[in-house]
Amino acid sequence: MARIAVDVMGTDRGPPEIVAGAVMAAGAGHELVLVGDREVIKPELVAAGADVEVVHAPDVVGMGEDPAKAVRDKPRSSIMVAARLVASGDADALVSAGSTGATMTAASIVIGRLEGVQRPAIATPIPRATGLPTLILDAGANLEVKPVHLVRFAVMGALVAEIVYGIDRPRVGLLNIGEEPSKGREVERSAFGLLEEAPVNFVGNIEGGDIPGDVADVVVTDGFTGNVVLKAMEGTAGLVLNLVRGAFGRHPGSSPGKMARIIEEVRMMVDPELCAGGAYLLGTRAGVVIGHGSSSRNAVLNAVRLAVEGVKGGLAERMERGLARS
């Protein structure tokens, strides 16, 4: 059984919400080790009547701290202790909703990067009507990239789509402002030619509106663009749900029960906390799942599930072999 180290500290909602999600995950049969301040975590576990292992880590990396400096100055922080558990083999994967920068830094330094990976990337699943997500990467780890980095992202993203989501020969698209190879900045124009020769099913340039459609299974871009796209789509999903609620409310003849069921069905498909819970950090020697800083208990549960799926599928090992062939 996969054993997941959960970083409890440094989140927006605080340890109680993360512990609550971990308790739900443990109740679903997942093996966990919680990392953080034992005096904070233990009372939450006792109140929930749960028996989950805790590894004490007295220090916390805050959201506003410089990640590189904090990781260096706080070796006993929860994210560093959790990363060491994975590096030593005492845990199979890491889940953290704390500082993304600190998680990336700790994972790169302590767990280590796969050979040939200069830039680990965040792969975030975007819901679509087919039932299977579109993976977009990078979603925030690398603000600037070179064409060769986009090729690596394509290889890693295609492996996730295949291993975790069972997509045969996943289609890879390059995010751009038009379909023609001549479109975009120099980095996109150069990457286009490299991707045509890469060992992936490259379908060419795609535009932002294609992401939630059935055009590509993996979309590669730089971290700045990817993060803006992700946040814009999350905001749009929330807007649509609110508009649907308002529309039902303006029609008195609508059945409240039916309205609630429809809204909940749509929410289950578009709410990132319910359909994924986190995003893979790709390119490290073991599984790392990064959650949103404001993750709810449901998001933590789903982030643990995502980490477990990666471990079961041998994601890191198969990615290492795939990168060696690229």
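## Helix α6 and its two neighbours

R152, V155, M156, L159, V160, E162 and I163 of α6 meet L315, R318, M319, G322 and L323 of α12, where contact means heavy atoms within 4.5 Å. By class, this contact of α6 with α12 has eight nonpolar, one polar and three charged residues; here Ala, Val, Leu, Ile, Met, Phe, Trp, Tyr, Cys and Pro count as nonpolar, Asp, Glu, Lys and Arg as charged, and the others, Gly among them, as polar. The model is a predicted one, in which local features need pLDDT of at least 70 and side-chain atom pairs count only at pLDDT 80 or more, while totals for chains, interfaces and linings use all residues. Residues are numbered from 1 along each chain as its sequence is written, and side-chain values use heavy atoms, with hydrogens and water left out.

The axes of α6 and helix α12 (residues 315–325) come within 10 Å and cross at roughly 140°. Axes are lines fitted to C-alpha atoms, for helices over the stretch in contact, and angles run from 0 to 180 degrees between N-to-C directions. The two helices, α6 and α12, are therefore oblique to each other; angles under 35 degrees count as roughly parallel, over 145 as roughly antiparallel, 65 to 115 as roughly perpendicular and the rest as oblique.

Now for the other partner: helix α6 (residues 147–163) and helix α7 (residues 186–197) have axes that come within 8 Å and cross at roughly 50°. On the α6 side, P147, V148, L150, V151 and A154 make the contact, and on the α7 side V187, S190, A191, L194 and L195. These residues divide into nine nonpolar, one polar and no charged.

## The sheet

Let's turn to the strands. Eleven of them form an open sheet with mixed pairing, in the order β3-β2-β1-β4-β11-β10-β5-β6-β9-β7-β8. Helices (H or I, at least four residues) and strands (E, at least two) are DSSP runs, numbered from the N terminus, and two strands pair if DSSP finds at least two bridges between them. At the edges stand β3 (53–56) and β8 (201–206), each with a single partner strand, so one side of each is left without a neighbour in the sheet. From one strand to the next, the twist averages 25°.

Strands β10 (residues 279–282) and β11 (residues 287–290) run antiparallel and are joined by two bridges. Y280 stands opposite V289 in β11.

## Helices on the sheet

Helix α1 (residues 15–27) lies across β1 (3–7) and β2 (31–36), running at about 165° to β2. Helix α5 (residues 100–111) also packs on the sheet, where α5 touches β4 (93–96), β5 (121–126), β10 and β11, and its direction makes about 175° with that of β11.

Helix α1 also packs with helix α11 (residues 297–312), at an angle of about 50° and with their axes 7 Å apart. E17, I18, A20, G21, A22, M24 and A25 in α1 meet R297, N298, V300, L301 and V304 in α11. This contact of α1 with α11 has eight nonpolar, two polar and two charged residues.

## An aromatic pair

The count comes to one aromatic pair, taking rings of Phe, Tyr and Trp (its six-membered ring) as paired if their centres lie within 6.5 Å, with planes under 30 degrees apart counted as stacked, over 60 as edge-to-face and the rest as tilted. The rings of F192 and F202 have centres 5.2 Å apart and planes at 75°, so the pair is edge-to-face. F192 lies in helix α7 and F202 in strand β8, so the pair ties together parts that are ten residues apart in sequence.
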